[in-house]
Amino acid sequence: DLSHWEVAFNGAEQVYHKTLDQFAEYFAPCGFRREAFRPCYGLAEATLMVMGGPKGRAPEIQHLISSGLEQNQVIISQTTGEETRTLVSCGQDVSDQKIIIVDLETLTPCVADQVGEIWVSGPSVAIGYWNNPSETELTFNARLSNSGKGPFMRTGDLGFLYEGELYITGRLKDLIISDGN
């Protein structure tokens with residue numbers, strides 16, 4: 001009986017709408033409600049939760065023109081098809097974190113319709129990696145080139161903000177670290 005389930009967090013680096021649809025359909029006979037989904041975004045370096053959808057609201061989705069995303073442009077489409085990609089929102093700011101989307105070439109804040117790297121600062125962001133000052137400097141001490149504002153933590157994730165909602169589009173690099181290697 002899943003009818004009493006109030007929240008079902010999904011904190012994947014990218015939350016896929018088809019996975020949510022399949023899960024909701026499969027478990028509907030068990031009482032699961034789509035409104036229990038709470039897609040979120042977090043990192044261990046930020047004590048996990050950075051953004052999250054509000055409780056009791058079905059996940060927000062947007063359909064984007066794929067060719068635009070390939071050029072780091074956010075072009076919303078009202079229809080779906082082979083030329084679109086559907087993205088699930090990871091929610092809104094749930095704490096005192098500051099989230100900015102940064103242009104990788106200029107290290108300045110992106111314009112509203114541009115994909116960039118997600119940078120985070122706030123009280124739950126760690127101060128660095130244990131005994132790794134060079135990686136700490138690179139990751140945790142980023143500053144905007146036009147204003148010097150910072151420090152921010154560079155997440156390595158790509159995305160954009162749309163109407164206050166965070167959408168993840170990918171990663172700068174796909175890397176799995178096992179036993180420090």
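This is a predicted model: local features need pLDDT of at least 70, side-chain atom pairs count only at pLDDT 80 or more; totals for chains, interfaces and linings use all residues.

Trainee: What makes the pair of W119 and F152 tilted?

Mentor: The ring centres of W119 and F152 are 6.0 Å apart, and rings count as a pair when their centres lie within 6.5 Å. Their planes stand at 40°, whereas stacked would need an angle under 30 degrees and edge-to-face one over 60, so the pair is called tilted. This pair links distant parts of the chain, since W119 belongs to strand β9 (residues 116-121) and F152 to the loop between α3 (133-140) and β10 (153-162), 33 residues apart.

Trainee: How many aromatic pairs are found in the whole structure?

Mentor: A search of the whole structure gives 10 aromatic pairs. Another of them joins W5 and F23, with ring centres 6.4 Å apart and planes at 35°, so that pair is tilted. W5 lies in the segment before β1 (8-10) and F23 in helix α1 (residues 17-27), so the pair ties together parts that are 18 residues apart in sequence. Both residues also belong to a cluster linked by ring pairs, which consists of W5, F23, Y26, F27, F32 and F37.

Trainee: Why are W5 and F23 called partly exposed?

Mentor: The relative accessible area is 35% for W5 and 28% for F23. Buried would require a value under 20% and exposed a value over 50%, so W5 is partly exposed, and F23 is likewise partly exposed.

Trainee: Why is T86 called buried, and where does T86 lie?

Mentor: T86 has a relative accessible area of 15%, which is under the 20% limit, so T86 is buried. T86 is placed in strand β6 (residues 84-88), a strand that is mostly covered, with 4 of its 5 residues buried.

Trainee: How do you know that the side chains of T86 and H63 make a polar contact?

Mentor: The polar contact between the side chains of T86 and H63 is 2.9 Å, and the limit for such a contact is 3.5 Å. Leaving aside neighbours within four places in sequence, T86 is in contact with H17, I61, Q62, H63 and T80.

Trainee: What makes β4 and β6 paired strands?

Mentor: Strand β4 (residues 61-65) and β6 are joined by 5 bridges and run antiparallel, and pairing asks for at least two bridges. One of the residues involved is I61, whose bridge partner in β6 is V88.

Trainee: Why are β1 and β7 said to stand at the edges of their sheet?

Mentor: The open sheet has 4 strands in the order β1-β2-β3-β7, with mixed pairing. β1 and β7 (92-93) each have a single partner strand, so one side of each is left without a neighbour in the sheet. For β7, 2 bridges join it to strand β3 (residues 48-52), and the two run antiparallel; G52 stands opposite Q92 in β7.

Trainee: How do you know that the buried residues of α3 line one face of the helix?

Mentor: The buried residues of α3 are T136, T139 and F140. Viewed down the axis of α3, these buried residues fall within an arc of 80°, so they line one face of the helix. The buried residues of α3 pack against β10, while the face turned away from the buried side carries the exposed residues S134 and L138.

How values were computed:
Residues are numbered from 1 along each chain as its sequence is written. Side-chain values use heavy atoms; hydrogens and water are left out. Buried means under 20% relative accessible area, exposed over 50%, partly exposed in between (1.4 Å probe, protein chains only). A polar contact is a pair of N or O atoms within 3.5 Å; within protein, one must be able to donate a hydrogen and the other to accept it, and residues adjacent in sequence count only if both atoms are side-chain atoms. Contact means heavy atoms within 4.5 Å. The arc is that of the directions from the helix axis to the C-beta atoms.
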